[in-house]
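Please open the structure in your viewer and keep a selection panel at hand. The stops below are meant to be taken in order.

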Amino acid sequence: VSALTGMVFLVVAVIVATMRLAVGRLAGVDGAQRGIVRAFAAGLLGMCALGLFGIVMGGNWWVHYLTQLAPFLAMGVGLVAATPGRSGGATRQRGTGATRRWANVLAATTLLTWCGTLYWTEIEGPQRTPTAVGDWLRQAARPGDTALVTWGHANVLHESGLATPYRLAWSLPVRVQDPHLDELDRIMRGPDAPTWIVEWRPFESWGLDPTGRVRTTVWQRYERVPDVCGKTVYRLRSRAADPLPVADAAACSSGRGLSIRDVRLF
């Protein structure tokens with residue numbers, strides 16, 4: 001997405017231009033403003049570095065991580081556009097022409113990408129599995145039941161209507177605040193253990209359970225029920241007598257959802 005929309009090229013171009021402002025001669029800027037321009041450019045580079053660090057270290061990849069670069073791009077383009085050329089009018093005119101050409105290329109690329117995205121992307125398809133698993137949990141649950149989904153996927157819990165006894169319902173907080181799963185293991189061994197566990201991602205993901213302690217607790221206190229939409233589901237052994245609903249295989253399908261092709265404009 002970042003490449004097709006032209007964002008990668010724009011980020012690289014703004015980084016290079018901002019670095020030139022931060023360390024260049026700035027011949028077209030007077031002494032009183034030169035320090036301000038350099039300091040602002042250095043701050044923008046730091047902002048960009050922090051955004052890139054957050055994207056790389058985010059773990060799971062989501063497209064909206066790219067929004068971390070939006071403030072840098074907006075202010076960086078503004079700074080570069082507002083700063084006079086370094087070598088007089090001729091260079092400035094050549095630079096302006098190149099800037100216009102690049103702007104046209106980026107605009108055309110973005111337009112084509114969005115048109116293709118609207119035409120080919122499925123709006124509902126990718127969410128069918130979480131919705132189906134959550135709906136199955138809602139049917140299987142009894143009053144007072146709770147659930148845990150590893151690691152994240154709050155939409156499953158939302159669809160099921162079940163609460164969770166584990167306060168960290170997303171992968172990044174788990175890795176930061178409970179990196180050895182001490183809190184989770186304590187909950188699973190106690191009276192507030194979740195009734196249902198959906199192993200969406202393995203317990204060992206990101207090295208969270210390297211010794212298999214949590215998985216051992218699951219084997220001791222839970223039974224594995226038939227998979228739902230290909231996801232492993234466990235239930236507390238104390239609830240083993242309750243009947244289970246049959247998973248709707250059609251609801252689990254990842255077939256084509258609604259796209260712009262299904263919308264009649266005229």
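The model is a predicted one, in which local features need pLDDT of at least 70 and side-chain atom pairs count only at pLDDT 80 or more, while totals for chains, interfaces and linings use all residues. Residues are numbered from 1 along each chain as its sequence is written, and side-chain values use heavy atoms, with hydrogens and water left out.

**Aromatic pairs**

A search of the whole structure gives two aromatic pairs; rings of Phe, Tyr and Trp (its six-membered ring) pair if their centres lie within 6.5 Å, and planes under 30 degrees apart count as stacked, over 60 as edge-to-face and the rest as tilted.

Select W136 and W196, whose ring centres are 5.6 Å apart and whose planes meet at 85°, so the pair is edge-to-face. Because W136 belongs to helix α5 (residues 128-140) and W196 to strand β2 (residues 196-199), the pair ties together parts 60 residues apart in sequence; helices (H or I, at least four residues) and strands (E, at least two) are DSSP runs, numbered from the N terminus. Both W136 and W196 are buried, where buried means under 20% relative accessible area, exposed over 50% and partly exposed in between (1.4 Å probe, protein chains only).

Next select F203 and Y234, an aromatic pair that is tilted, with 6.4 Å centre to centre and 40° between the planes. This pair links distant parts of the chain, since F203 is in the loop between β2 and α9 (213-221) and Y234 is in strand β4 (residues 231-236), 31 residues apart. F203 counts as buried at 0% relative accessibility, and Y234 is buried with a relative accessible area of 6%.

**Charges over a ring**

Now centre the view on W206. R175 lies over the face of W206, at 4.4 Å from the ring centre, and R201 also lies over the face of W206, at 4.5 Å from the ring centre. The criterion is that NZ of Lys or CZ of Arg is within 6 Å of the ring centre and within 35 degrees of the ring normal.

Move to V16, which lies in helix α1 (residues 7-23) and counts as partly exposed at 44% relative accessibility.

Finally select G230, found in the loop between β3 (222-228) and β4, which counts as exposed at 64% relative accessibility.
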